[in-house]
Amino acid sequence: MTVAAPPLFPDPARLTVTDIAVARGGRPVFADLSCAVEPGGALRLAGPNGGGKSTVLRVIAGLLRPLTGFVAWDGATIADDPAAHAQRVAYLGHADALKSALTARENAETALAIAGRAPTGQSASERGRPGENAALDRAFALLDLERLADLPAAWLSAGQRRRVALARVIASGCPLWLLDEPTVGLDTASVAALERAIADHRQAGGMVIAATHIALDLGPGDESLDPGAFPWRHAESAVDEALV
Amino acid sequence: MSAFLAVIARDLRLARRQGTDVAMTLAFFVVVVAMFPLGLGPTPELLARIAPAVLWVTSLLAAMLSFDRLFQQDSEDGGLDQLALSGLPLSLLALAKACAHWLTTGLPMLVLAPMLGISLNLAPQSYGVLVATLALGTPVVSLFGVVGAALVVGARRAGVLVALIVLPLLIPILIFAVSAIDAASAGLSVRVHLLFLGAILAAAIPLAPLAAGAALRQALD
Amino acid sequence: MHRFANPTRFFRLANTVLPVLAAVTAVLFASGLYYGLFDSPPDYQQGDTVRIMYVHVPAAWAAMACYATMALAGASFLIWKHILADLAARAAAPIGAGFTLIALVTGSLWGQPMWGTWWVWDARLTSVLILFFLYLGYIALVNAFDDPDRGGRAGAVLALVGAVNLPIIKFSVDWWNTLHQPASVLRMDGPSIAPEMLLPLLLMAGAYFALFGVMMILRIRSLYAGRRLRQLRLAAASE
C-alpha cells in the first residue's frame, strides 16, 4: 500500500534556524542553536530528556518565541508573518489534541477545517460516511484507521489515538511536519506506515523534523541534532541572561 | 473568517455532544435561584424586590462555573497548540471562543431567566427589561470570562481563580443591569441604564479579545 | 528607564536610597501623627473622630497609587520583558493590598461613631473594597503557577485589564450609591478641609508614599534574591 504522492510543493523553500536561545521557567535550555533543513530534507532531534527537543519543535512551529535568534522560511523571519507560517506547519505535539466526544474522523476533519485545510464536511460526517477529503481518506487508509473512523475518540487506545493525530498531519498538505515523539504507542506496522508517509512527503519536496529517541527511519540523508549539545556557555552567565 | 467560524462550529458541536456540561450550568442557575424563596420565605413582595438581583447574581455565578470549559481542556489535550497554529490571530480565536460560550451559556440563560422571574414574582412590566439587560450583559460576561480563562490556563485551582479574577470586573454590569430592572419595576425610565450596558458591551467587544489574545500568547510561551 | 534595567545598578542605587528614604518615612510619620493627633483642630461636627482621616485617607490614596504602579510595571514587563518590572509589579501587590486593608479598617472605625455601625456601603468604602478584591485576584493569579515567569506575565495582563476597568467600576459604584443613598447618612467627604487639617493630611500622605518606596525596595530585593536562588539551584542541578 503506497500513497500516490504528486510533487506537492512546487516552490522549494529552505528552513533556517539561526542562533536561537531559549530559557524556560528561568531555566536555560539551549543557546546559539543553528540548523537548516532543505526542501525534501529531514532532521532528527535526539538527545536525553530535558535536552530541549520539544522546545526546538515549538520554536520552529512559532508557538514559542526564542530569547535570541530567529527562525526563517525562505529567508523571511517567521515572526514577521505568523499566520503565513501557521499555514506551512503541521505540528504533532506530545498530546494528541483529540476531543473525546468527537469520532476519529470528525476530530481530523475539525482540526483540518480550523487550520483552513478542508471543508468542514459536517453533514457528511454526521451521517457517518467518509467526507469529501481525499487526502484524509488516504491518510486513514495508510494508517489502517478506516474501521475506527466512526468511533468516538474516547473509545480508542493510546496508539489508535496517536494514529488519528498522525493522520491529521499527513492529510494537512503542509510542507513542514513537526513531529514530537510520533511513535509513542505505535505498533510496528504503524511505524512502518509512518515511515512510508514520511518518505512520500519528502519525495514531494516536504520537510520533516522529528524529535524521537527510537530508531524511526526518516529516509536517506537525514541529519541529526542534539539540542543538549548547545548549552549556555557558563552556568553563571546563563543564570543572569535568563533572569534579565 | 472560515477558521473563525470553524472554531465556533467546533465548540458548538462539542457542547452538543457533551450536553451535560451546558445542562449542569443551567441546572445550577435554576437550583440556586430556587434557594432564595426557600431561605427567605415565600412573601411575594419580598421576592419581587430581590428578584432582579437574585437573577443577575445567580447568572454570574453560574457563568463562573462554565469558564473552565473555555481553554482548560484545550490546554491539557494539546488542542490549544493546534488552535494557535490555525493561522487565526489569538485575539480572534478568543472572540470565537466568546461567541461559542455565549451561544451555549448566555443565550440559554436569556431564555430561562424570565421563567425564573415568574417564580420570584417579578413585576410584569420588568420582563422585557430583564431580557434586555441579559442580552446586553451576558455577552460581556462571556468576553470577560474568556479573558479570565485565558489568564488561568495552566494555573492550579483554575476554576476558583477565574471567578476570583472575573467577578470584581463584572460589578458594573451587575449594578447597571439590576438598577435597570428595578427602575422598570418602579415604572421609571430605563434608557440610561441600558445605554451604559450597551456602552460597556461596545467597549468590551474590541478590548476583551485583545486582552485575552495577550493572555493566550503568554500561556503558550 | 533602561539605565536602571540592570539589576546590579538598580540595587546599588536602591541600597543608597533606602536608609535615606527610611529616615524620611520615620520623620514624616512622627510629624504627621503629632500634627494630626495633637496639633490640629477637631471637626465642628465630628469632634476628635475626624483624626482617623489622617490615617484613612492617605492609605486610600497610597492604595490607588500602588495599583497604578502595578499596572505600569506590568505594562513595561510585557513590552520590555525586564525582570525588574515583573518584580516591581509583584512587590507592589501585597503592599497595595495592605494599604486598602488599612483604609477599610480605619474607615470602619471612623464609621462606627458617625453612623453607629461598623460598616456602611458608602461609595468610597465600597470602591476601596473592590480595589481590595482586585488585589486579591492579582495575588492569587500570580502565585497560581509553577513557573514564576508565567505568573508574572498573566498578572501583568490582569493588572492592565483591571486598570482599564477601575474607572468604570468607580463610576458604577458612585451611580449605584446615589440610587441607594439614604438621606440621613453623613458622607465621609462631607467636612471641608480646614488649612490646619491640610498640613497633617499632606504629611501623612508623604509618609505613606515614602513607606511605599521603602517597602518596594525591600520586597524587590527579597523577590530578586528568591529568583536568583532558584536559578542557581537549577544551574547547579544541571551541571
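In the predicted model, A:Arg44 stands opposite A:Ser224 in strand S9 of chain A. Strand S9 covers residues 223–225, and strand S3 pairs with it in the parallel sense over 3 bridges. A:Arg44 also stands opposite A:Ala210 in strand S8 of chain A. Strand S8 spans residues 207–211; its pairing with S3 is parallel too, over 4 bridges. Strand S3 itself runs over residues 42–45 of chain A. A:Ala42 and A:Arg44 point one way from this strand, while A:Leu43 and A:Leu45 point the other way. All four are buried.

A search of the whole structure gives 15 aromatic pairs over all chains. In one of them, the ring centres of B:Phe176 and C:Phe171 lie 6.2 Å apart, and the planes meet at 40°, so the pair is tilted. The contact crosses between chains: B:Phe176 belongs to helix H9 (residues 171–185) of chain B, and C:Phe171 to helix H5 (residues 148–180) of chain C. B:Phe176 is buried, at 1% relative accessibility. C:Phe171 is partly exposed, with a relative accessible area of 41%.

A further pair, C:Trp121 and C:Trp176, is edge-to-face, with 6.5 Å from centre to centre and 90° between the planes. C:Trp121 sits in the loop between helices H3 (83–115) and H4 (123–142) of chain C, and C:Trp176 in helix H5 of chain C, so the pair ties together parts 55 residues apart in sequence. C:Trp176 is partly exposed, at 22% relative accessibility.

One aromatic cluster is formed by B:Phe176, B:Phe196, C:Phe171 and C:Trp175. In chain A, the charged end of A:Arg105 sits over the ring of A:Phe140, 5.6 Å from the ring centre.

How values were computed: Residues numbered from 1 in each chain as written. Chains lettered and ligands numbered in written order. Predicted model: local features only at pLDDT ≥ 70, side-chain atom pairs only at ≥ 80, totals over all residues. Heavy atoms only, no water. Buried < 20%, exposed > 50% of the residue type's maximum accessible area, 1.4 Å probe, protein only. Helix = DSSP H or I, 4+ residues; strand = E, 2+ residues; numbered from the N terminus. Pairing = 2+ DSSP bridges. Phe/Tyr/Trp six-rings, centres within 6.5 Å; stacked < 30°, edge-to-face > 60°. Lys NZ or Arg CZ within 6 Å of the ring centre and 35° of its normal.
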